[in-house]
Amino acid sequence: MDNDKTKELVSRAQNKDKEAFAELFDLYYDKVLSYVFRRTLDVDYSKDITSNVFLKVLKNLDRFEWRSGPFSFTAWIFRIAGNEINQYFRFQNRYKLGLTIDLGDDSKAVKEIEKKIDSDQHLMILNKAIRQLKPVYQEIINLRYFEYLSYEEISEVLKKNESTVRVYSKRAREDLEKILKQDAFNFLEKYDF
Amino acid sequence: MTFEELFKKANIEIKLDRHKDDLKSALLKNDYFNEEREVWDWKTFIPSLALSLVLIMFSFNSTLFSDSQ
């Protein structure tokens, strides 16, 4: 979707247009859920965190302004998601839910996802290695290689300038390659980084 | 296999349709959609602030004036 269309939807949603908000929700739900899931690898927590992210988006939508750049709405949502994920890691069992109603029983889908997680060696090894990186490197690697965000977008998410993000991204990749080569040597013999 | 290809292999798709639908309808019922939008109207705010300051100064001066008599 082009930036002008997103701007129009945001502006309408700020004026309490339900249809516009629903469209924005459809646009971003899968992206946010995937991003949260890859950081937590827990389906139930991913549901809770994603719910909180969208509740915060809704509650703070009035105050959102297109200031920093062309991708600022995407960056804003990912920033909220990043903060929520950090809250989850900080509080774990004490992580609070904004919505107290029961949301969607996807038990069949959840079981399939959990099966996939357990059997997907690539995901397990990569995730274990990513978790050994500095927090800021983890975020950059996830946003860059899983969410395919540009350096410009990542710089807006992290509120750092683009050249810093490029340097961090290079270092994150080098560190990750080192970890993968040390820890997962047997499995990754066939890979050529 | 390259670094990017490894990420592609590890990128499993996650779909939770019922959660998505239920969350959307819960959000659309939120009070947000019935509230007035909070907007700072500087054209109204600045004259009101100026008027308030004038009134404060006026009452402060009158107190001083009555004390000195």
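This is a predicted model: local features need pLDDT of at least 70, side-chain atom pairs count only at pLDDT 80 or more; totals for chains, interfaces and linings use all residues.
Residues are numbered from 1 along each chain, chains are lettered from A and ligands are numbered from 1, in written order. Local features need pLDDT of at least 70 and side-chain atom pairs count only at pLDDT 80 or more, while totals for chains, interfaces and linings use all residues.

Student: Why is α7(A) called oblique to α8(A)?
Tutor: α7 (residues 135-146) and α8 (residues 151-158) of chain A pack at about 140 degrees, with axes 10 Å apart. Angles run from 0 to 180 degrees between N-to-C directions, along lines fitted to C-alpha atoms over the stretch in contact. Under 35 degrees is roughly parallel, over 145 roughly antiparallel, 65 to 115 roughly perpendicular, and the rest oblique. Therefore α7(A) is oblique to α8(A).

Student: What makes the contact of α7(A) with α8(A), by residue?
Tutor: α7(A) brings A:Glu139, A:Ile140, A:Leu143 and A:Arg144, and α8(A) brings A:Ile154, A:Val157 and A:Leu158. Contact means C-beta atoms, placed from the backbone, within 7 Å.

Student: How do you know which class these residues fall in?
Tutor: Ala, Val, Leu, Ile, Met, Phe, Trp, Tyr, Cys and Pro count as nonpolar, Asp, Glu, Lys and Arg as charged, and the others, Gly among them, as polar. The contact therefore divides into five nonpolar, no polar and two charged.

Student: Which residue counts describe the contact of chain B with chain A?
Tutor: Chain B gives 28 residues and chain A gives 38. α2(B) gives the most to chain B's side, with 11 residues. That side has 14 nonpolar, three polar and 11 charged residues.

Methods. Two residues are in contact if their C-beta atoms, placed from the backbone, lie within 7 Å. Helices (H or I, at least four residues) and strands (E, at least two) are DSSP runs, numbered from the N terminus.
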